[in-house]
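Subject: Structure handover

Hello,

Here is the structure for you to look over. My notes on salt bridges and pockets follow below it.

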Amino acid sequence: ASSSGKTMAALKLSRQVKDVVVLDQDILWNDTFNTADDNYKSFRNTWLRMAKNINQAGRPVVLFGSAIPEQFESLNERRYFEKTHYLSLYCAPEELTNRLKARPHWRKSGSEENLKSMLEFNHWLKENAEKTEPKMSLLDTSEIDIASTIEAIQKWVEERLPKK
């Protein structure tokens with residue numbers, strides 16, 4: 001969910017992990033991709049295509065963004081990957097609310113509509129991680145700092161890398 005620590009973790013992790021390419025979905029986002037009616041199919045396929053090309057050069061990709069497995073797993077580009085893994089960052093509702101309200105005003109993250117939407121998505125992630133296919137791992141960032149968040153993500157990634 002927004003404000004769970006994804007962007008900060010992606011920025012810092014990209015400098016620390018040398019065996020993977022770390023990317024944040026936000027770098028390509030624009031209104032052209034804002035197609036909720038088809039579950040952002042073009043946006044997700046674009047990212048899978050990019051990850052496929054990076055992976056063909058021998059580098060696994062860690063992609064940060066707000067998504068759920070079904071938004072990737074049913075797409076044509078998914079067939080190029082033997083396996084995908086999902087880690088969901090979430091936090092306690094009151095912590096998420098505080099983080100969203102602390103963002104710059106121009107982002108409108110603290111609006112009632114956005115708060116409601118993000119709190120619902122945050123709750124959905126926590127409640128449905130075991131039900132998605134593939135299942136999502138969970139990382140509660142409520143009470144850990146960014147360094148601990150990055151350490152936990154790095155460990156999670158390393159556990160899933162192919163053995164050399």
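Start with Lys116. Its salt bridge partner is Glu120, and the closest N and O atoms are 2.7 Å apart. Please keep in mind that this is a predicted model.

Both residues sit in helix α5. They are four residues apart there, so about one helical turn separates Lys116 from Glu120. Lys116 is exposed, with a relative accessible area of 52%. Glu120 comes out at 47% and counts as partly exposed.

Glu159 is partly exposed at 46% relative accessible area. Lys155, at 54%, counts as exposed.

How many salt bridges does the structure hold? There are eight.

One more of them deserves a look. The side chains of Glu77 and Arg49 meet in a salt bridge at 3.4 Å, N to O. Glu77 lies in the loop between α3 and β3, while Arg49 is in helix α2, so the pair ties together parts that are 28 residues apart in sequence.

Is Glu77 buried or exposed? Its relative accessibility is 11%, so Glu77 counts as buried. Buried means under 20%. Arg49 has 38% relative accessibility and counts as partly exposed.

Now the surroundings of Glu77. Leaving aside neighbours within four places in sequence, Glu77 is in contact with Asn45, Leu48, Arg49 and Lys52. Two of those names come up again: Arg49, Lys52 and Glu77 are linked in a network of salt bridges.

The largest pocket has a volume of about 1,000 Å³. It is lined by 38 residues, and the closest to its centre are Val61, Val62, Leu63, Thr84 and His85. Which elements supply at least two residues each to this lining? They are α2 (41–56), β2 (61–64), β3 (86–90), α5 (112–128) and α6 (146–160). By residue type, the lining of the largest pocket divides into 27 nonpolar, seven polar and four charged.

The second largest pocket holds about 870 Å³ of space. Its lining has 26 residues, and Ser2, Asp26, Trp29, Ser66 and Met118 are the closest to the centre. Two or more residues of this lining come from each of α1 (6–16), α2 and α5. The largest share, four residues, is from α5. The lining of the second largest pocket divides into nine nonpolar, 10 polar and seven charged residues.

- Lys116 and Glu120, for the salt bridge at 2.7 Å.
- Val61, Val62 and Leu63, among the residues closest to the centre of the largest pocket.
- Trp29 and Met118, among the residues closest to the centre of the second largest pocket.

Best wishes

Terms used:
Residues numbered from 1 in each chain as written. Predicted model: local features only at pLDDT ≥ 70, side-chain atom pairs only at ≥ 80, totals over all residues. Heavy atoms only, no water. 1 Å grid on protein atoms, 1.4 Å probe; cavity = no way out; pocket = protein on both sides within 12 Å on 5 of 7 lines; lining within 4 Å. Points joined across faces, edges and corners; volume = space filled by probe spheres on them. Nonpolar A, V, L, I, M, F, W, Y, C, P; charged D, E, K, R; others polar. Buried < 20%, exposed > 50% of the residue type's maximum accessible area, 1.4 Å probe, protein only. Contact = heavy atoms within 4.5 Å. Salt bridge = Lys/Arg side-chain N within 4 Å of Asp/Glu carboxyl O.
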